[in-house]
Amino acid sequence: MAGMATLLGKVIVITGGAQGIGATTAAALVRLGAKVAIGDLDPVLAEKTAGELGGDTLALPLDVTDHRGFTEFLDEVERRLGPIDVLINNAGVMLLSPLADEDDAATAKQIDVNLRAVVHGTREAVRRMRPRGRGHIVNVASMAGKAGFPGAATYCATKHAVVGLSEAVRQELRGSGVDISCVMPAVVRTHLADGLPETRLFPSLRPEDVAKAIVETLQKPRFDVFVPKSLDVTGRVSRLLPRAAAEWFMRAIGADKVFTQAHAGARAEYEARVRRP
């Protein structure tokens with residue numbers, strides 16, 4: 001693969017890495033010879049995943065909302081594996097309801113995990129990478145960071161904020177040798193998406209689709225990482241349309257119902273787990 005950076009021996013950290021996109025990305029990176037550390041709120045599942053991945057994959061407990069603990073987690077990775085080359089801020093949660101029905105706990109949980117933790121992780125990565133003049137930060141956002149979807153207002157707000165954070169930090173890192181990428185997938189079939197209906201235009205993705213996009217951007221850095229790539233064109237076209245026309249298009253493809261028509265029963269286990277302290 002001419003022109004693509006090798007990932008052999010690179011120290012790569014993935015938050016929320018025990019399952020879903022995180023675990024699938026870890027597997028792809030291990031196959032390419034990277035030294036991978038996964039942090040997860042479920043240490044037992046993280047250890048199981050690391051054992052299955054092999055390649056001396058490191059699993060450590062991580063609550064991304066505990067900022068001191070997050071910093072100590074990164075310190076421990078560097079003590080055991082060496083300086084971090086890549087941080088993938090992947091951990092995220094989604095609790096669905098109309099905003100008027102959303103309780104304070106659900107709002108706080110999404111902001112703490114999806115935004116405040118990403119701010120902290122990004123800041124820690126910059127502080128470690130910039131003095132060395134190399135590194136790559138990957139922030140996993142969503143297409144919900146580029147558009148608003150009824151039934152998921154706070155989730156959309158956090159993902160919009162991650163996109164804005166990443167855009168600003170990209171400017172701050174110009175010329176530093178440190179790259180940053182923002183990954184924006186459509187609906188991915190992980191537990192976070194339990195109970196969500198399909199849209200007519202964009203079928204849901206597999207975690208492997210997102211993992212492949214992340215690996216490609218680590219090999220050949222770029223900022224905007226849309227999954228699938230066609231979302232970039234769709235987004236550009238919709239931004240050129242008058243708002244009424246763009247919203248009509250969203251309704252025509254059923255995108256306005258993705259979150260409002262989620263099956264509550266299918267989501268019950270996931271949302272209960274997310275809400276646990």
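So, Met-184 first: its bridge partner in β7 is Phe-226. That sits in the pairing of strand β6, residues 178–185, with β7, which is parallel and runs over 4 bridges. Two strands pair if DSSP finds at least two bridges between them, and the strands (E, at least two residues) and helices (H or I, at least four) are DSSP runs, numbered from the N terminus. Keep in mind that this is a predicted model: local features need pLDDT of at least 70, side-chain atom pairs count only at pLDDT 80 or more, and totals for chains, interfaces and linings use all residues. Residues are numbered from 1 along each chain as its sequence is written, and side-chain values use heavy atoms, with hydrogens and water left out.

Okay, the whole sheet. It's open, with 7 parallel-paired strands in the order β3-β2-β1-β4-β5-β6-β7. β3 (58–61) and β7 (224–227) are at the edges with a single partner strand each, so one side of each has no neighbour in the sheet.

Now helices. α5, residues 153–172, packs on the sheet and touches β5 (135–140) and β6; contact here means heavy atoms within 4.5 Å. The α5 direction makes about 155° with that of β6, using axes fitted to C-alpha atoms, for helices over the stretch in contact, and angles from 0 to 180 degrees between N-to-C directions.

Last one: Gln-110, in helix α4, residues 104–129. Buried or exposed? Gln-110 counts as buried because its relative accessibility is 0%, and the cut-off is under 20% relative accessible area with a 1.4 Å probe, protein chains only. Leaving out residues up to four places away in sequence, Gln-110 touches several residues, including Leu-95, Tyr-155 and Thr-158.

Terms used: Buried < 20%, exposed > 50% of the residue type's maximum accessible area, 1.4 Å probe, protein only.
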